[in-house]
Amino acid sequence: MKHEQPPTASGGATPPPGEGLPAVPPAPVPAGGAVRRRSAGLSGKLLLLTVLFVMLSEVFVYVPSVANFRSTWLKDKLTTAGVAAAVLSETNTIAPRLQEELMRVTGAVAISLTHKGRRSLIAMSGLPEEIRYVIDMEEETPWSAIRDSVEVLFSDGSGLMRVSQPLPMGSSAGDDVQKVDIVLPVAMLRKDMLAFSGRILGLTLIISVITASLVYLALRWMFVRPLQRLSASMARFAEDPEDTARIIVPGGRDDEIGDAEKRLADMQRGLSRALHQKQRLADLGLAVSKINHDLRNLLASAQLFMERIEHVPDPTVKRLVPKILATLDRAVGYTQAVMAYGKAREEPPRRRLIRLERVVSDVAELLALAEHPDIEFESRVAEGFELEADPEQLFRVLVNLCRNAVQAMEAGADAAHVCRLTIEAALIEGECLIRVRDTGPGIPPAVRAGLFRAFQSGAKNGGTGLGLAIALEIVRAHGGRLVLEDTGPGTTFCIQLPQRAAPEA
């Protein structure tokens, strides 16, 4: 067949290309997440992965869909041309008006009919140019349809293509078979395939957004929110592990998240019980340590008394005193070995109106300050000075402060050093100030930060570090303060007590 150059005009309208096409099935939705990557953590990643996987699955749906669209589009053109072929086979002629309408509807450049080995031209518009593609729909396979579809999409759309298929009314034996041939511009097919691709892309985006949103909401409800609840419960429990009200309450889910909630609740309950038990043991330990500390002071004072009795010229006394001293030494050794950690509260102070000079005198007598060979003791508390306090607890405070001062001065004693311990008191603006001042080496700056903490001894070797902790607790129970004053050489502790008892918290 001789081909002629076609005109530059488009050649007429085309039928709707989507007729008879099967609906494009939505792609399977994989497990995944989110539309775009955000810094929102797991939720954002879920949304991005969901849309990504849906788009990838739509790619596998699009390729056979566009190939099916091409085949349907070509068959529609051939079916229209087959009508004219049927008229020709009956009348051996076609009216010019019918030819023009046929060319307009199909958009073809030329239409011919082959019968018994002879090709007859039904209609032609202009001189056809070179034919780039020859397609026989009877021999086409799904793979060749996909290959040709991709080739047309990525071409520049120039040239023509010749498409043929047998007519339904033709016989199936030998030369009696009738075939219709149609020559079409490649650009027309490519234009309709691109339009179909755009519709597929829009449908894919809609399916991706809907699917991603549903999967995102489902995964967030099923996984992300329970994980956030677990994290929030752990953070809340970490603030106060001993508070049983902070233990997570399992939501009753019968899956892995529910198992995680139950195991977290069991772990939190066990940890809370263990901490409560350890706290009780710690309370008991520090209580024993406090008692042990004061008992050691009493035993040391008893040693001093025994040393004084040792000089009494009595045979029985001289015989028993060394044994008593050895027993006291052993008891002091036992008290030094009893160390524990914990927290204990002192008994509430029983405030009474007391004379401070009597308490100071008892402290000096207990510590044998008046008879000390190297330390000068001076009490500057005026006679008749009165304050409201628990006499026994105030006695313990002064004993701890004075003993620390004596031991500090004894540790660095030298003949040239002035070793003096002074206790003075004053009433200023309704507040009683009691100062215990010594001329010892002072407290190093590195020790001052933890000076009043239990077991933070910095004054001497072998100390327990409980004296100042006990003194501070007693003073606070009285509604006062115990502070370290920086007033020059040595160390000065100031006890600040209200003149009137403050209400207990």
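Modeller: Start with the cavity: on a 1 Å grid over the protein atoms alone, it is a set of points where a 1.4 Å probe fits but cannot get out, and lining residues have an atom within 4 Å of a point. Grid points are joined across faces, edges and corners, and a volume is the space filled by probe spheres set on the points. This is a predicted model: local features need pLDDT of at least 70, side-chain atom pairs count only at pLDDT 80 or more, and totals for chains, interfaces and linings use all residues. Residues are numbered from 1 along each chain as its sequence is written, and side-chain values use heavy atoms, without hydrogens and water.

Colleague: How many cavities of 30 Å³ or more are there? What volume has the largest cavity?

Modeller: The count is 4. The largest cavity has about 50 Å³. Its lining includes Arg448, Glu485 and Asp486. Strands E11 (481-485) and E12 (491-498) each supply at least two lining residues; strands are DSSP runs of E, at least two residues, and helices are runs of H or I, at least four, numbered from the N terminus.

Colleague: Which residues does the "transmembrane region" annotation cover?

Modeller: The unreviewed UniProt entry gives 46-67 and 200-219. Such annotations may be inferred rather than shown by experiment. Residues 46-67 are 100% helix, with end C-alpha atoms 33 Å apart. Residues 200-219 are also 100% helix, with ends 27 Å apart.

Terms used
On a 1 Å grid over the protein atoms alone, a cavity is a set of points where a 1.4 Å probe fits but cannot get out, and a pocket is an open set with protein on both sides within 12 Å along at least five of seven lines; lining residues have an atom within 4 Å of a point.
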